[in-house]
Amino acid sequence: MQRALGFSLPAAACLLLATAAPRPAAAQPAPPAAAALAATPAPALTGKAIMEKVDQKNRSADEVIESKMRLTEGTTIKERSLKMTVKTAAGYQDKTLIRFSEPGDLRGTGFLIFQHGAEEDELWMYLPAVKKTKRLAATERKDAFVGSDFANEDLRNENLLAYDYTLLRQEKCPGSELQCWIVEAKPATAAEKKGTGYCSRQIWVSPDFLVRQVDYYTKESGDKPTKTLSFLDFTSDPAWKGFERPARSLMVNHKKGTQTEFVFDNTKRVVNGGVDEAGLSQRALEKP
């Protein structure tokens, strides 16, 4: 799930976040038997190639997920229940419907996201209290998702057509001895540059091509992330046909000192079960 306010960041702002590549270690003499192999090294993976492998490994045709959403500010915890239905399509023409069932003041509230590859995405919000659907402006993608630490744009699937990817370095994965690739994602299309609230994201990818963490950078945050999203407790199920999914995701807002956690009910998760596209429409949005 992958993924605040209302302005387009100039490209120059992102220059503040440029990371110098570490100096490579001095090469050691190769043993004679390995000399021929060393003369033809295997090609290194690029940032784009890593993200393509992540996409190939993790992108399902459709998915239905029920979850709890916990917002924590100091000692105050608010809990919400929701269901997310996702259907993907070639060219990142993905559709996502999110529907809240609890608490009562949010029951029936819905969000509908249409992704359009390299073109501008469409987002709608349905408010049952007034029985009205509102189409969100591009600048509203940056707004907080129902008061949480996620922005509306964070709920979209990763779209490889809308970003440029650069491999920055390798580093130990958070909470693990594994080495993660750290891939920087910067908006590449006019639509994404116009609507996103981030200069860049740094995506931590483990050797099994699972995203373990995402750091979000803005003009104001400089070289420190304004938010960090962690994907935790990956598991699999025979019914998921080889896919692995996290049991939890945690978004920490470093600026505000708050956090939002999704706890997924993986016992009810359905992967590639067949989702009727008619259920992912404005008409369906307005019929909670």
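Setting aside neighbours within four places in sequence, Ser60 has contacts with Thr88, Phe243, Arg245, Val271 and Asn272. The model that shows this is a predicted one. The protein chain contains four helices and 14 strands, and 47% of its 288 residues are buried.

- Ser60 counts as buried because its relative accessibility is 8%, and buried means under 20%.
- A polar contact of 2.7 Å joins the side chain of Ser60 to the side chain of Glu63.

**Helix α2**

- The helix α2 is made of twelve residues, and the distance from its first C-alpha to its last is 17 Å.
- That span is close to the 16 Å expected at 1.5 Å a residue.
- Buried positions in α2 are Gly47, Ala49, Ile50, Met51, Val54, Asp55 and Asn58.

**Nonpolar cores**

- The largest nonpolar core holds 42 residues.
- Within this core, the residues that touch the most other members are Met69, Ile98, Phe100, Phe145, Tyr165, Ile203 and Val205.
- Another core, of nine residues, lies apart from the largest one, and its members include Val64, Leu112, Tyr126 and Leu280.
- Phe100, not counting residues up to four places away in sequence, touches Met69, Arg80, Ser81, Leu82, Leu106, Arg107, Gly108, Thr109, Phe111, Phe145 and Val146.
- Two of these partners, Met69 and Phe145, are also listed with Phe100 among the core residues that touch the most other members.

**Surface**

- The protein chain has an accessible surface of about 14,600 Å².
- Carbon and sulfur atoms account for 56% of that surface.

**Confidence in the model**

- The mean pLDDT of the protein chain is 88, with 85% of its residues at 70 or more.
- Residues 15-27 have pLDDT below 50, and this stretch makes twelve contacts in the model beyond near neighbours in sequence.
- Residues 33-42 also have pLDDT below 50, and this stretch makes one contact in the model beyond near neighbours in sequence.

How values were computed. Residues numbered from 1 in each chain as written. Predicted model: local features only at pLDDT ≥ 70, side-chain atom pairs only at ≥ 80, totals over all residues. Heavy atoms only, no water. Helix = DSSP H or I, 4+ residues; strand = E, 2+ residues; numbered from the N terminus. Buried < 20%, exposed > 50% of the residue type's maximum accessible area, 1.4 Å probe, protein only. Areas by Shrake-Rupley, 256 points an atom, 1.4 Å probe, with all protein chains shown as cover. Polar contact = N/O pair within 3.5 Å; in protein donor to acceptor, adjacent residues only side chain to side chain. Contact = heavy atoms within 4.5 Å. Core = buried A, V, L, I, M, F, W, Y, C linked by side-chain atoms within 4.5 Å. Expected span 1.5 Å × (residues − 1). pLDDT = per-residue confidence, 0-100.
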